[in-house]
Amino acid sequence: MKIPRAIKIGGLKYRVKIVKKIDNKDSSGETDTRKLTILLHRDHKREALEVTFMHELFHAINLNLEEKEVEYLAMAFYGLLKDNPRLFKNGR
Ligand SMILES: [Zn+2]
């Protein structure tokens, strides 16, 4: 997965930053829907970083989702996209 520097979610452009510090020490990522930023902690292995990115996307998509729902959706979609890399390519 290529983690973009920016991504549009619901018509809003979020900046994606890989940082060495996140305010909530227990967190691997953070989404700020006012500043339109998604922060990802850099001290993670690649796949963990990707799952965290997916996790933060679901937070940005729907702030009302419970944490466990976000966890479930992030893992499910991460697996789906990772295991089916041609899913969004054109043609059959
Ligand atoms: Zn979360």
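A residue is taken as buried if 20 or more other C-beta atoms lie within 10 Å of its own. With that in hand, the predicted model can be read from its overall form down to its elements.

The protein has two helices and four strands, which follow one another along the sequence in the pattern β-β-β-β-α-α. The C-alpha trace spans about 45 × 30 × 25 Å along its principal axes. For a chain of 92 residues, a compact globule would have a radius of gyration near 12 Å, and the 13 Å found here agrees with that expectation. By the criterion above, 16% of the 92 residues count as buried. Among contacts with a separation of 6 or more, 30% join residues 24 or more positions apart.

The strand part of the pattern opens with a hairpin. Strands β1 (residues 6–9) and β2 (residues 12–19) pair in the antiparallel sense, with four bridges between them. Within this pairing, I7 stands opposite Y14 of β2. Two residues separate the strands of the hairpin, and G10 adopts a positive phi near 60°.

Helix α1 comes next. Its 16 residues (46–61) should span 22 Å at 1.5 Å a residue, and the distance of 23 Å between the end C-alpha atoms agrees with this. The buried residues of α1 are V51, T52, F53, M54, H55, E56, L57 and F58. What do these buried residues of α1 pack against? Their partners are β1, β3 (29–32), β4 (37–41) and α2 (67–83), so the packing of α1 involves strands as well as the other helix.

Technical notes
Residues are numbered from 1 along each chain as its sequence is written. This is a predicted model: local features need pLDDT of at least 70, side-chain atom pairs count only at pLDDT 80 or more; totals for chains, interfaces and linings use all residues. Two strands pair if DSSP finds at least two bridges between them. The radius of gyration is taken over C-alpha atoms; the globule rule is 2.2 Å times the number of residues to the power 0.38. A residue is buried if 20 or more other C-beta atoms lie within 10 Å of its own, exposed if 12 or fewer, and partly exposed in between; C-beta atoms are placed from the backbone. Two residues are in contact if their C-beta atoms, placed from the backbone, lie within 7 Å. The expected span of a helix is 1.5 Å times one less than its number of residues.
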